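Please look over the sequence and the structure before turning to the notes.

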Amino acid sequence: MEVWVGGFAEAVQERVRRARAAVAEAYEAEDAYEVAVAEDELDDALRIARGLGLDPDAAPTDENGGTT
């Protein structure tokens with residue numbers, strides 16, 4: 001597995017977090033259209049993360065490799 005460094009991996013993980021939040025908000029609002037859109041975004045974000053070998057559930061790390 002490749003190790004991704006710097007802001008790129010964090011950006012992908014942030015995209016996953018935001019997409020998950022959007023799905024939760026759409027369900028809370030009971031908006032079927034927004035649920036569909038948010039789930040599509042989440043699927044895309046997860047596909048990208050996994051395709052790059054990133055763990056979308058990993059905690060963000062600081063510059064020294066520690067979690068933030």
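Helices are DSSP runs of H or I with at least four residues, and they are numbered from the N terminus. The model described here is predicted. The protein has two helices and zero strands. Of its 68 residues, 22% count as buried.

**Arrangement of the helices**

- The axes of helix 1 and helix 2 come within 8 Å and cross at roughly 160°.
- Angles over 145 degrees count as roughly antiparallel, and helix 1 and helix 2 are therefore roughly antiparallel to each other.
- The crossing of these two helices, helix 1 and helix 2, is left-handed.
- By class, the contact of helix 1 with helix 2 has 14 nonpolar, no polar and six charged residues.
- On the side of helix 1, the residues that meet helix 2 include Val12, Arg15, Val16, Ala19 and Tyr27.
- On the side of helix 2, the residues that meet helix 1 include Val35, Ala38, Glu41, Leu42 and Ala49.
- Among contacts in the protein between residues at least 6 apart in sequence, 54% join residues at least 24 apart.

**The nonpolar core**

- The largest nonpolar core has eleven residues, among them Ala9, Val12, Ala19, Ala38, Leu42 and Leu54.
- Helix 1 (7-29) and helix 2 (32-51) each supply at least two residues of this core.
- Alanine 19, one of the core residues, touches Ala38, Glu41 and Leu42 when residues up to four places away in sequence are not counted.

**Tyrosine 27**

- Tyrosine 27 lies in helix 1.
- Its relative accessibility is 48%, so tyrosine 27 counts as partly exposed.
- Leaving out residues up to four places away in sequence, tyrosine 27 touches Val35 and Glu39.
- Tyrosine 27 and alanine 38 are eleven residues apart in sequence, and their C-alpha atoms are 9.6 Å apart in space.

**Glutamate 30**

- Glutamate 30 is located in the loop between helix 1 and helix 2.
- Its relative accessibility is 73%, so glutamate 30 counts as exposed.
- The phi angle of glutamate 30 is near 55°, which is a positive value in a residue other than glycine.

Technical notes. Residues are numbered from 1 along each chain as its sequence is written. This is a predicted model: local features need pLDDT of at least 70, side-chain atom pairs count only at pLDDT 80 or more; totals for chains, interfaces and linings use all residues. Side-chain values use heavy atoms; hydrogens and water are left out. A nonpolar core is a set of buried Ala, Val, Leu, Ile, Met, Phe, Trp, Tyr and Cys residues joined through side-chain atoms within 4.5 Å. Buried means under 20% relative accessible area, exposed over 50%, partly exposed in between (1.4 Å probe, protein chains only). Contact means heavy atoms within 4.5 Å. Axes are lines fitted to C-alpha atoms, for helices over the stretch in contact, and angles run from 0 to 180 degrees between N-to-C directions. Angles under 35 degrees count as roughly parallel, over 145 as roughly antiparallel, 65 to 115 as roughly perpendicular and the rest as oblique. A crossing is left-handed if the near helix is turned anticlockwise from the far one by less than a right angle, and right-handed if clockwise. Ala, Val, Leu, Ile, Met, Phe, Trp, Tyr, Cys and Pro count as nonpolar, Asp, Glu, Lys and Arg as charged, and the others, Gly among them, as polar.
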